[in-house]
Amino acid sequence: MTGIIFDFNGTMFMDSDLHEAAWLQLIQKYSDSKVTEEDILKNLHGKTNDVVLRNFISKNLTDEEIQRLSDEKEAYYRETVLNSSDHKEFTKGLKEVLDYLKKKNSPMTIASASPKINMDFYFDYLDLGIWFDYEKIVYHDGSFPGKPAPDIFLIAAKKISVAPENCLVIEDSYSGLQAAHSAGIGTIVAIDPDGKNRGIFESEGLASDGVIEDFTTFILTYLA
């Protein structure tokens with residue numbers, strides 16, 4: 001049986017623009033760092049907050065400063081989600097996929113670089129408990145290295161009792177796809193709704209099992 005591991009931000013929920021805005025607002029407030037498009041692809045999306053903060057604000061931040069700045073960024077992000085008319089539901093076609101997997105009793109979970117406070121927010125905002133066991137999701141709690149290290153997907157596979165080579169991962173971030181490959185995931189699907197990263201994903205061999213724009217044909221292509 002195939003285990004399904006979903007990334008969350010930019011995969012299940014198209015909020016990459018809101019995360020970018022929150023990060024840019026925070027970075028501009030506390031540093032003179034310039035953030036390039038390559039930075040956004042490789043050093044922002046999929047990375048844990050501590051890594052981003054030490055990369056763009058200061059390598060010398062204390063753990064307490066990391067927590068304070070992380071809380072500030074995430075509070076701003078969650079406020080923008082609640083105030084946005086364009087961020088009220090799952091990625092197109094995903095609900096049908098989740099309903100299909102639930103009906104089939106397929107093992108599945110979420111593996112996200114988001115902190116616990118955001119995952120709690122998503123469970124409430126999008127009723128994730130309809131499909132997912134909260135105890136089996138993986139979020140960043142500081143106990144393991146973040147993407148591109150393989151740990152997050154190895155932990156997720158273990159939580160759903162499926163070997164990594166028998167898992168399918170859906171990811172939107174450069175570092176997340178690297179992590180899936182490093183974890184020995186059997187099927188790796190990239191999601192790229194705007195098509196702007198397809199070229200680099202394919203040229204670097206990160207999208208070994210295809211690139212999708214949304215989930216409208218996912219069941220037929222990967223699950224049927």
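The crossing of helices α1 and α3 is right-handed, a term used when the near helix is turned clockwise from the far one by less than a right angle. Welcome to a predicted model, in which local features need pLDDT of at least 70, side-chain atom pairs count only at pLDDT 80 or more, and totals for chains, interfaces and linings use all residues. Residues are numbered from 1 along each chain as its sequence is written, and side-chain values use heavy atoms, with hydrogens and water left out.

The two helices pack at an angle of about 40°, their axes 11 Å apart. That makes α1 oblique to α3, since angles under 35 degrees count as roughly parallel, over 145 as roughly antiparallel, 65 to 115 as roughly perpendicular and the rest as oblique. Here is who meets whom, with contact meaning heavy atoms within 4.5 Å:

| Helix | Residue range | Residues that meet the partner |
|---|---|---|
| α1 | residues 16–30 | W23, L26 and I27 |
| α3 | residues 49–56 | N49, V52, L53 and F56 |

Now to the sheet: six strands form an open sheet in the order β3-β2-β1-β4-β5-β6, with parallel pairing. β3 (138–140) and β6 (211–212) stand at the edges, each with a single partner strand, so one side of each has no neighbour in the sheet. Strands pair if DSSP finds at least two bridges between them; β1 (residues 3–6) and β2 are joined by three.

Strand β2 (residues 108–115) also holds S114. At 5% relative accessibility, S114 is buried, meaning under 20% relative accessible area with a 1.4 Å probe, protein chains only. Among the residues S114 touches are N9, Y122 and H140.

Notes: Helix = DSSP H or I, 4+ residues; strand = E, 2+ residues; numbered from the N terminus. Buried < 20%, exposed > 50% of the residue type's maximum accessible area, 1.4 Å probe, protein only. Axes fitted to C-alpha atoms, helices over the stretch in contact; angles between N-to-C directions. Lists of a residue's contacts leave out its neighbours within four places in sequence.
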